[in-house]
Amino acid sequence: MQPSSISQQQAASQQGWSGRRRSWPFTWALVLILISSTPALTQENPLALKGGKLLTITHGIIENGVIVMQGGKIIAIGTASSVKIPSGAQIIDATGMTIYPGLIDSETQLGLTEISAENMTNDLVEASDEIMPHMHTAEAFHAESALIPVARLNGITNAVVAPIDEDTLPGQDCFIQLAGANASEMLLIRDNAMPLNFTGEERRNKGGFDKRKFPSTRMGLASQLRQAFIDAEDYRAKWVDYDGKKTDAAQNKKPEPLAPKRDLKLEALIPYLEGKKTIVLAAETPSDLQTAVSLANEFKLKFVLNHIAHSQSVLDYVASLEVPVIVGPIYEAPKEYERYDAVYSLPAQLYKRGVKIVFASYSAHNVRNLPDQAGFATAFGLPYDEALKAITLNAAEVWGVADQLGSLDVGKTANVVVANGDPLDVKTDVQRVFIQGRAIPMTSRQTQLRDEYSK
Amino acid sequence: MRRIPTKKLALRCTLLCTILVAAAFSQSAPSPPTEVVIKNATVMTVTHGNIKNGTVYIKDGKIVAVGENVSAPSSATVIDAEGKYLTPGIVDCHSHIALDDDVNEATSPVTPQMMMKDAFDYQDKAIYRALAGGVTTSLLLHGSANMIGGQAVVIKHKYGATRDEMLFPNAPGSIKFASGENPKRVYGSRDQLPSTRMGNFAVQRQALVEAQDYMREWDNYNEKVKRRDKDATPPKHDLKLEALADVLRGKLMVQIHIYRADEMLTEIALAKEFGYKIRAFHHALEAYKVSDQIAANNIGIATFADWWGFKQEAWDAIPWNATMAMRKGVRVAIKSDSEDYTRRLNQEAAKTIRYGGATEEEALKMITLNPAWIIGVDDHVGSIDVGKDADLVIWDGYPLSTTGVPEKVLIDGDVYFDRARAGFGTTHYKEGE
């Protein structure tokens, strides 16, 4: 019924980033290309990491463990004595190291920006209108972004790429892997979810009455959203009717009916109306949260919650919704009336109520610091294992990829991180990263600069 | 990047809220500091190593003894810090909190007569949130819209005290200079000078030339007065030029917002041309490219741990900047420039251990003694040494980690923050209890 509108992503990704005012030597540009685009991910020979402490996520910690990867998958995991390493395997000594699954960042702008202040490098949001569900971040995703190697050097192997929250419906997310020969290989799921933002930040032209454009109030935002979903329902009905008539015509040799006019905006909303895809419902305060949830329920949308940084007074209500929460960031400033740790302790408060939580950096340049947020939450009551799950298995579950990602289990994608300590501590240095079983070069534009000026 | 709308937050503070805050502030002046003993802590002195099971004895707001065996009178208040860490209070040498958005007088590229003290909003909750993160002293700077901004104010985070009690006593003066993208963007967008880096430096040089003339006029006048010349007439007082003359006289420390290495070299050359000293390069994300020159001129840097890519001139930023510069002899501070990051500068400092292998003491120094030097208050704060102000943080958990958090924060020997307390955890500020 709705033909896929995604095609030209290759063309977009092959566009080199331009707009720099400073020129680098040509060699630098070449280095950048070499380190950002990784060759196709094929892993033929088995590779074993031996002697490390394995944080499996699903079945506890294995001291002095062995993990074997082949064909891009984990093929064996266990204690050194229980796992037989296949002959011909490359063995890497990981004694003293901590090994854990690749981390998953549940909201980033990776591939949508290079330099924040340089607009020609930004594809963060189409701000010309509020209702933009036909925007696909996958089509702007810049696979060769210099930011991607920087993030993956700290063990982030997968991420949701979302537009920023300046529209109520800014477009659709994609779920990426932070390595691959090109955008196609890195885009694991296109249009996996869609943000619906209701934080008050989406109001147009806040300020003087003379400057305002619709919608300039929350009631404006809500009515516009409601109209969009009603229009999409009508649109869907038209196509269902058409499909019925078409089948009838074919069966009864009648003339083919005239197809309704396609509307990309409304078309994009249909999988969400049908509950086939997830809405990422963002709100901060109890009032916005409840308005947003009412709207979502009115159209029976399947949703997860996002932010809710200032909804501490309604956490039981949040728990009653029985949906996961992308929480925070916990660095969000408290309101004037809130204690300094009101947001720091939110993950723990949600966990206590049985809510599944995940973390997000909500960033592009700072994706590498995702684990810090999880670690910091433990200082305010979140159990350590839950903090780690919130950037691994929980995230994989929320994004529907738990059969492939989020833990060290046989059969899963071999996204494996080797570090010199606790993954949630800010001092820990990641030594090796494997994505689909392939060793990622531990270089980025930043390490190149470091090495250049260390000579 | 998700924008945290702090400006709006401040503006949305209702009238009611303002009244409540005002009431809370007027109710409670800090009690005078008494004798305090902090016992059984791992004392991280910054200057002379760690002391396990150490004791710090505080009298009249000053540290009077530090060591394993310290005798103190039984009348002293005892804080048992067993299993905890004790560090000096964190010093943030680049902050714009508590100014109610009055950060930039962006109406002229040269505004040295601006006094940040005049905008100091001592009731700003950001002071409290930073305090809860272990910050006890901050340098509140003018913004970077102007090539020559205003004069900074040094505060102690005595949240709940009066405005004047929060000013750091006798702190030396600092003035903010800027460079690079910000001035050229602000004035260039209005089709004014400066719109380029050559414009930037021309504006700076012109202002300094005028200050030289002004200083000469006054020197001549003073000379005449000394000679009892009856014809001596005083030149006109000009606040702007007076402030710049103080730069030339070495009375104001110059703190320069700067990113690129080439601009650092130009600023060093300008300082030599006009005979003043640069105290520190702030941001200084390309310091690693010219560390030798920075070190040779005894200029400190106040940098981010790992920020990058937010603008073109931050594109070559690398997280090894701090440690690479440090190893070339540069005095390095990690600062926040942020209402957010100032709440967890300990974590930012810990990143220098990961990126470049700073030692524990080196990392801690970057948020205590070194920023104190940049502000010019290192004789008073920044380490746990006898004679210094008793600005101390008791940490629950190792401070150079993601999980270490302040349990109590003392300023001048008085507890201003206690995590275990109800409400805001503040002792002198009572709202919310």
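Colleague: How many residues of chain B are in contact with chain A?

Modeller: In this predicted model, 41 residues of chain B are in contact with 38 residues of chain A. A contact needs C-beta atoms within 7 Å.

Colleague: Which helices of chain B supply at least two residues each to that side?

Modeller: They are α1 (6-12), α3 (125-132) and α11 (345-354) of chain B. With five residues, α11(B) gives the most to the side that touches chain A.

Colleague: What is the make-up of that side of chain B by class?

Modeller: The side of chain B that touches chain A has 21 nonpolar, 10 polar and 10 charged residues.

Colleague: Why is strand β7 of chain A called largely enclosed?

Modeller: Six of the six residues of β7(A), residues 156-161, are buried, so the strand is largely enclosed by the rest of the structure. The cut-off for buried is 20 or more other C-beta atoms within 10 Å.

Colleague: What makes β7(A) and strand β6 of chain A a pair, and in which sense do they run?

Modeller: Pairing takes at least two bridges. Strand β6(A), residues 103-108, and β7(A) have four, in the parallel sense. In β7(A), A:V161 is the bridge partner of A:T108. The chain gets from β6(A) to β7(A) through helix α3 (residues 147-152) of chain A, and this β-α-β crossover is right-handed.

Colleague: In which sense does β7(A) pair with strand β8 of chain A?

Modeller: Antiparallel, over four bridges, with β8(A) spanning residues 174-177. In β8(A), A:Q177 is the bridge partner of A:N158.

Colleague: Why is B:D60 called exposed?

Modeller: B:D60 has 12, so B:D60 counts as exposed. B:D60 sits in the loop between β2 (50-59) and β3 (62-67) of chain B. Its phi is positive, about 50°, although B:D60 is not a glycine.

Colleague: Is B:A98 buried or exposed?

Modeller: B:A98 has 24 C-beta neighbours inside 10 Å, so B:A98 counts as buried. The loop between β6 (90-95) and α3 of chain B holds B:A98. B:A98 also has a positive phi, about 60°, without being a glycine.

Colleague: Why point out such phi values?

Modeller: Because most residues other than glycine have a negative phi, and most peptide bonds are trans.

Colleague: Where is A:P215, and what kind of peptide bond joins A:F214 and A:P215?

Modeller: A:P215 lies in the loop between β10 (193-197) and α5 (218-251) of chain A. The bond is cis, with omega about -5°. In chain B, a cis bond joins B:L193 and B:P194, with omega about 0°. B:P194 is in the loop between α5 (181-188) and α6 (197-226) of chain B.

Colleague: What makes B:Q255 buried?

Modeller: The cut-off is 20. B:Q255 has 27 C-beta neighbours inside 10 Å, so B:Q255 counts as buried. B:Q255 belongs to strand β11 (residues 253-258) of chain B. Leaving aside neighbours within four places in sequence, its contacts include B:L141, B:I175, B:F177 and B:R279.

Colleague: How far apart are B:Q255 and B:G150?

Modeller: They are 105 residues apart in sequence and 10 Å apart in space, C-alpha to C-alpha.

Colleague: Which residues touch the most other members of the largest nonpolar core?

Modeller: B:L140 and B:I301 do, in a core of 135 residues. Not counting residues up to four places away in sequence, B:I301 touches residues including B:A280, B:F281, B:I294 and B:V332. Another core, of 128 residues, lies apart from that core, with A:V66, A:A193, A:I357 and A:L424 among them.

How values were computed
Residues numbered from 1 in each chain as written. Chains lettered and ligands numbered in written order. Predicted model: local features only at pLDDT ≥ 70, side-chain atom pairs only at ≥ 80, totals over all residues. Right-handed = clockwise from strand over helix to strand, strands pointing away. Contact = placed C-beta atoms within 7 Å. Nonpolar A, V, L, I, M, F, W, Y, C, P; charged D, E, K, R; others polar. Core = buried A, V, L, I, M, F, W, Y, C linked by C-beta atoms within 7 Å.
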